[in-house]
Amino acid sequence: PEVAAKIAAGEVVERPASVVKELIENSIDAGASQIRVDLIRGGLQLIRVSDNGCGIPAEELPLALARHATSKVSTVEDLESIRSLGFRGEALASIAAVAEVALISRPRGALHSAQISACNGQISAVSPAASPEGTIVTVRNLFSAVPARLKFLKSRQTEVSHCLHLLQQYALAYPEIRFTVTSEGREVFATPGDGQLATVLVQMYGPAVARQMVPLSGQSADDPERPVISGYVSRPACYKSTRQYLSFFVNRRWVHSRLLIAAVEEAYRTLLLSGRHPLAVINIQVDPSQIDVNVHPAKTEIRFLRERRVYAELMRAVRRAVLEEAEV
Ligand code: ADP
Ligand code: MG
């Protein structure tokens, strides 16, 4: 069973950044307005995510670590309309199979906090603790009992940059959340949580680049099946040599999508701006019934029910933004 648990964990936990992703998604699902992430040795020695979200009642702490236990989806119908980022209930259990995990939590309004920990798949009893409202999850010595996985990881610096890239994406997707990120005890970035995507853009890409970004004009959702597109794209004069600066969020979930990349790049191509990679931060809101997020455990891939429509709408929105800019 222990081997099976470790293999299953590999599906969800590929590297430190996958742990960071699962933990901050839990914080976001918990309604946190502040999330702090601390990394040591690229997350291999320590990943700590602290939030001021709803917390976990002491009696539910063992469930949080149990496989296939989720507080977010209870019926099959719910799966059709997923609004939370998590829904499988396997992230914490998978992480606990390949690392030491400690959970400390104090539900909002509760007088006390409680803790639980798991080491080598052994789950401790719940005991009293002291902490502010919210949840602190600490993951230590990731993969130290899975040498085969450790060997596949690149340098510590590579793992740090994967973590930071991921955290940047979430900071862009959630401008209303105050993110603080440290690595080796030093602050790497902090966002103000003022709700303005433009502010986060300045933080992430610097003022010079941020000035080159133009907003996608908002559209009214007259037709409920129509995707609502917002965000920023770069002016033609501003481009990068990689696609790393193309960020897509669908219903506030960070996604990798060849379809969306192709739509943006095609828009620039039709404007005779090919061969370069624009920067873009694009939010797409669609009715949950129009997407399938249940494709892969890591959940960064999604399927659209109406791919061609999404493609066409996104291409048009990008073209319009860039063209309007050119005419001014
Ligand atoms: P999922 O997110 O798919 O439900 P997880 O294994 O990631 O599964 O988390 C299990 C459960 O633990 C969640 O359903 C939630 O009830 C609880 N939980 C985990 N992290 C937090 C957090 N930061 N704040 C509040 N509850 C949490
Ligand atoms: Mg989760």
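Predicted model: local features only at pLDDT ≥ 70, side-chain atom pairs only at ≥ 80, totals over all residues.
Local features need pLDDT of at least 70 and side-chain atom pairs count only at pLDDT 80 or more, while totals for chains, interfaces and linings use all residues. Residues are numbered from 1 along each chain as its sequence is written, and ligands are numbered from 1 in the order in which they are written.

Select ligand 1 to begin. It is surrounded by 22 residues, and Asn26, Ala30, Thr70, Ser71 and Gly86 are the closest (a residue is near a molecule if its C-beta atom, placed from the backbone, lies within 6 Å of it). Helices H2 (16–29) and H5 (91–97) each supply at least two residues of this shell (helices are DSSP runs of H or I, at least four residues, and strands are runs of E, at least two, numbered from the N terminus).

Now select strands E1 (residues 34–40) and E2 (residues 46–51), which pair in the antiparallel sense over six bridges (strands pair if DSSP finds at least two bridges between them). Isoleucine 40 stands opposite leucine 46 in E2. The two strands form a hairpin with five residues between them, and arginine 41 in the turn has a positive phi of about 50 degrees.
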